[in-house]
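Look over the sequence and the structure first, then read the points below.

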Protein chains: 4
Amino acid sequence: MSKIRVSIIGITGYTGLELLRLLLAHPAVEIAHLTSRQHENTQIGTLYPHLAHLDLAITNTSPEEAARDSDVVFLALPHKTAQDVVASLHGKVKLIDLSADYRLDDAEIYEKYYGIPHNHPTLLQEVVYGLPETVGRAPVTAAQSIANPGCFSLLSQLLLFPFKGRIKRANIVAVTGSSGAGKSPGEGTHHPVRNHNMKSYNINGHRHIPEIIRAGDITAEQLNFVPTSGPFTRGIFATAFIELKDAEARPPAETARAAYKGSPFIRIMPNGEAVALANVTGSNFTDLSFQSGADTMIIAQGVLDNLVKGAAGTAIQNMNLMFGLPETDGLLNLSPLYP
Amino acid sequence: MSKIRVSIIGITGYTGLELLRLLLAHPAVEIAHLTSRQHENTQIGTLYPHLAHLDLAITNTSPEEAARDSDVVFLALPHKTAQDVVASLHGKVKLIDLSADYRLDDAEIYEKYYGIPHNHPTLLQEVVYGLPETVGRAPVTAAQSIANPGCFSLLSQLLLFPFKGRIKRANIVAVTGSSGAGKSPGEGTHHPVRNHNMKSYNINGHRHIPEIIRAGDITAEQLNFVPTSGPFTRGIFATAFIELKDAEARPPAETARAAYKGSPFIRIMPNGEAVALANVTGSNFTDLSFQSGADTMIIAQGVLDNLVKGAAGTAIQNMNLMFGLPETDGLLNLSPLYP
Amino acid sequence: MSKIRVSIIGITGYTGLELLRLLLAHPAVEIAHLTSRQHENTQIGTLYPHLAHLDLAITNTSPEEAARDSDVVFLALPHKTAQDVVASLHGKVKLIDLSADYRLDDAEIYEKYYGIPHNHPTLLQEVVYGLPETVGRAPVTAAQSIANPGCFSLLSQLLLFPFKGRIKRANIVAVTGSSGAGKSPGEGTHHPVRNHNMKSYNINGHRHIPEIIRAGDITAEQLNFVPTSGPFTRGIFATAFIELKDAEARPPAETARAAYKGSPFIRIMPNGEAVALANVTGSNFTDLSFQSGADTMIIAQGVLDNLVKGAAGTAIQNMNLMFGLPETDGLLNLSPLYP
Amino acid sequence: MSKIRVSIIGITGYTGLELLRLLLAHPAVEIAHLTSRQHENTQIGTLYPHLAHLDLAITNTSPEEAARDSDVVFLALPHKTAQDVVASLHGKVKLIDLSADYRLDDAEIYEKYYGIPHNHPTLLQEVVYGLPETVGRAPVTAAQSIANPGCFSLLSQLLLFPFKGRIKRANIVAVTGSSGAGKSPGEGTHHPVRNHNMKSYNINGHRHIPEIIRAGDITAEQLNFVPTSGPFTRGIFATAFIELKDAEARPPAETARAAYKGSPFIRIMPNGEAVALANVTGSNFTDLSFQSGADTMIIAQGVLDNLVKGAAGTAIQNMNLMFGLPETDGLLNLSPLYP
């Protein structure tokens, strides 16, 4: 069987590199183009010595040219940059956009959170939000273009989704590893301090909020979202206190188990056991726990690897579905790196 | 002026060692006895090479004998062990107990949370709970014996206390460094995993809960408390979502500022700025932030060094007050170790 | 093509778990038995939640019974325990022993370093030392039983081997991650201290020394070996100062490049570039650098993941060779986890 | 007794901040000026929230003006910048320069290693190299201006000094924490990678080399120096393999003990015990060990906190000596932060 030819536009960031790591381990895939506007035909190992064994070049091939020679194109570009590239490629090749540019379906909310107008507001409706566990497999399978979820929002959505439409309010603390800040050094990722620090930022102002509220069918007024930086490289650890409009007798873990039936990467903890971040590192798994707290509150916790399930891994799940492959291909056999 | 003669009963744990670190930097103090039942007259540097420069011995002097030769005795014993020692010394010497044994004033609640009966229930009322910022300086100054607060509960109390009596409910996530688990290795502090892990434990079952609810004047049914282990050595980082019975117009940071007027170790962040764990390491400071969240919720965050403000530092604040010294002596000049 | 049936005897340690991680990603392998004497028919996810998605049981099947139903057996047992198991299985099934018990070919040296006599001294000659990069592929391919190298010694050997027979003396500092200490908590892996510590141990007394000197064709008197613990989970970072008997004009990196021609997991750094531990994490690669230092000294550095190339990965290289598969099968596509 | 008035020129870097931390705990000192050219009269807590409790301003007071109002001035400026400031203040106030500009006594070597000519070559002879443990107390006590040693070189010197004049050659690996790279974020201190990385840099080209060889009375050709970055915030851990011209029967630890008699911050480990980095964090202590290795080699190891003994702490030792105070004032009571 001929392999799926895959290109990554914007290979130089952590998301692009993680896509490559996963694609190299995928049995049905071959690499077509790895592109970056900053580099002209450079062996990847020259820039990234951890890949020195590969005979693969980074080129400045244009997205359009790469698309013509590919079955699927992953965009790992910064948001704002991705807007026009998606518009230019949509419908011409299977497309998976890992930027934030097509995650929202409302151009006004986009402008509110990202501070710039959206150049292609009508396209927002056509690009499918690619979180199979919440939107279902059918829309992803049928999609021409996919908007891959944001890492914070993805995990938060998975905590809220089982109770969608019934949530009165939710308070979430989500702690992220430093790789979530990307490849460019900055004050927040300066090792001497980050190494033993925790600090929140953008409380109730984070750009992932509109994605989260959609999954819970709530408004921004029903949510407090506290993004927090933690002293580790990979992963997000989130705790949600969820208050329902309607209390119910069924344990929340059962409700969640029913909601995620058929989702092979969601592992719901046996009752009373807590999720642990180290159990998912390097893998596409998300571990979730749900228990009844005091005062009818549900205490929900979740962990994932922000670069895998929070980005590149879900993107490959989406690719698998778009090509009629089992959702788990190339992903299920990649066990967490433990310890 | 003659110095205060101080003994530490149970020097070998992290709390005992941290007391010693602070006392050695205290200008008004001299060490009388450092005791441990496991060691007979051993130079402290033999057991703890980081103190190899000291000419100080660890002895198995009895608490009673140490007390006779001291102005104040710190007990850094495990709970249950401390019960009878406090009873034996109470009234004979100024006493500061860092165990959990006299933190609660109700023997039934003690038995419920600690699993054993309390041998000296009437003494529970006489030992003063030593958190000057919430109970005030007068009771501490007048006390014969002090029960020093638990680290998780201390920080949680400081988040709730400004709103005491007005709290409808509170949901708290508190992330602790590994030194909170003490000096004995265990699965939860095994470096290969702890190094990049986060995991909650004893959700809504932690022994510090009865202390917390007292400071907020709430019941256990109004609180969800999620203790969580983090991949760092020192510190607690806590986030509380607080719902008040009565909304008010005044910004919560102002309410807190008023509540902590005259508390030199409480630093309330300027509005909108987030606390950072690395800003308090090694010092007796607690940084707190309070902001209005969605849906009338207050989002409160706090950080402290669990071994200093969360244990030995507050104990020395208490000592200072008991001896009529400025509360800040020997503590204010110990700046955070940054970075 | 039918798959190779593989059993792991002693699945519960880090080495056993890492073998399983790699074998699950190997396209030509299926798991036969995962055994532990401590557990009777337990789902692996019950003990190891990071593997909760697997439908695989840990059983107390005997090594002999597992061997009868397997094409190859990996022993991940403690040394001393492995001695008799190897003797009992040798010749009956392809066998790869990851313990230290058959790494030396001299029973006296074994007794000197391990403190107990060897029960099967003649077997020491029959079990092949499985480091393909130094012993060559032929002996491994032909072997019935393999002794897999120790992690410290493996990396040190790779630094010395290009200069074998010509070394006057070597001084090595090798820093290891905490996973090298295994799964049982101890003082040396207690997170509060290990988190920001470095400390050497067993200087010139480490059990890997006799393996190292064999690869360099030197005596213990020509080697100083300083094993050191570092504050990270995975990896070894080693620096060797190598003095040759005969200086030569050729740059040492060229000599090494020639020595490792045909070794796909050895990546020799371009001249002047330094190896970095983070470039190999989770993968089977070893990065090496060699440069001429002052006073005719060669400065050689190397990095590997102690659980992969330092243990389970090399074991699977050996397995591949024993079954006539390409040495790289199931390993080359597992890129380093970066960052 | 009136206090010593102290100014810090260049307060905003890690060295300046660490000086301030130590000076605030020094009983004989009061702060005169904290200056930075980048900030005009800013409360220090506004820039550095970990110091929010202080009522101290950062100003852009000129060095000359600060000097007129101070008993001693610490320069915590980048090298090259410090050159002229030292020249302008020398002889007018007691001066302690923590930059690299006056550490060498030879302008040619300075230019070779720092890449720029030295504007004040004759002054190089007048500024005293301030490492009391090797140069003795007398020259420091008598000095007008002090050049404070570099962190890597300081520890390396302490390893070589006991054998000064007798060293045939030395090979050193020194691993530093990330705070050594200073306060500006860069690729080498980007947390996602640094967090679990080790990597050498400037092998045999580091600027601290000329300081090191002076202490050992060797040439650059007799030294290999491998500076290495480690995944921790504070500290240097160094291992030196030292070959003497003349072997001797006396254990090297005894030789070192004699050499450091009267040096209160040098702690020489009991024979056979290894130094541990975590034993000195936050303090001015240096722990050293010396043992006889194979082939007449001495294996010497040392640890220090790069910001304290490696910079600000030694600077305050020098200040104490310049003012006739006990060398240990304000330093000895600052115990290591353990754990």
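**Helix pairs, domains and chain contacts**

Helices α9(C) and α11(C) run roughly parallel to each other, because their angle of about 20° is under 35 degrees. The model is predicted. The points below start with this helix pair, then turn to domains, chain contacts and backbone details.

**Helix pair in chain C**

- Helix α9 of chain C covers residues 151-160, and helix α11 of chain C covers residues 209-216.
- The axes of these two helices are 8 Å apart.
- The crossing of α9(C) past α11(C) is right-handed.
- From α9(C), the contact uses Ser153(C), Ser156(C), Gln157(C) and Leu160(C).
- From α11(C), the contact uses Glu211(C), Ile212(C), Ala215(C) and Gly216(C).
- Sorted by class, the residues in this contact are three nonpolar, four polar and one charged.

**Helix pair in chain B**

- In chain B, helix α9 (residues 151-160) packs on helix α11 (residues 209-216) at an angle of about 20°, and their axes are 8 Å apart.
- That angle makes α9(B) roughly parallel to α11(B).
- The crossing of α9(B) past α11(B) is right-handed.
- On the α9(B) side, the contact is made by Ser153(B), Ser156(B), Gln157(B) and Leu160(B).
- On the α11(B) side, it is made by Glu211(B), Ile212(B), Ala215(B) and Gly216(B).
- This contact of α9(B) with α11(B) has three nonpolar, four polar and one charged residues.

**Two domains in chain A**

- In chain A, 13 residues of domain 1 touch 13 residues of domain 2.
- Domain 1 and domain 2 of chain A bury about 1200 Å² between them, and carbon and sulfur atoms give 51% of that area.
- Which three residues supply more than any other three of the area that domain 1 of chain A buries against domain 2 of chain A? They are Tyr14(A), Arg103(A) and Tyr113(A), with 52%.

**Contacts between chains**

- Chain B meets chain A through 41 residues of chain B and 42 residues of chain A.
- About 3500 Å² is buried between chain B and chain A, with 64% of it on carbon and sulfur atoms.
- Arg169(B), His196(B) and Met198(B) supply 18% of the area that chain B buries against chain A, more than any other three residues.
- Chain A and chain D each put 20 residues into their contact.
- Chain A and chain D bury about 1400 Å² between them, and 57% of it lies on carbon and sulfur atoms.

**Backbone details**

- Most residues other than glycine have a negative phi, and most peptide bonds are trans.
- The peptide bond between Tyr338(A) and Pro339(A) is cis, with omega about 5°.
- Pro339(A) sits in the segment after α13 (308-322) of chain A.
- A cis peptide bond also joins Tyr338(C) to Pro339(C), with omega near 0°.
- Pro339(C) sits in the segment after α13 (308-322) of chain C.
- Is the phi of Lys80(B) positive or negative? Phi of Lys80(B) is positive, near 75°.
- Lys80(B) lies in the loop between β5 (72-75) and α4 (81-89) of chain B.

Technical notes:
Residues are numbered from 1 along each chain as its sequence is written. Chains are lettered from A and ligands numbered from 1 in the order in which they are written. This is a predicted model: local features need pLDDT of at least 70, side-chain atom pairs count only at pLDDT 80 or more; totals for chains, interfaces and linings use all residues. Side-chain values use heavy atoms; hydrogens and water are left out. Axes are lines fitted to C-alpha atoms, for helices over the stretch in contact, and angles run from 0 to 180 degrees between N-to-C directions. Helices (H or I, at least four residues) and strands (E, at least two) are DSSP runs, numbered from the N terminus. Angles under 35 degrees count as roughly parallel, over 145 as roughly antiparallel, 65 to 115 as roughly perpendicular and the rest as oblique. A crossing is left-handed if the near helix is turned anticlockwise from the far one by less than a right angle, and right-handed if clockwise. Contact means heavy atoms within 4.5 Å. Ala, Val, Leu, Ile, Met, Phe, Trp, Tyr, Cys and Pro count as nonpolar, Asp, Glu, Lys and Arg as charged, and the others, Gly among them, as polar. Buried area is the accessible area (1.4 Å probe) that two parts lose on being put together, summed over both.
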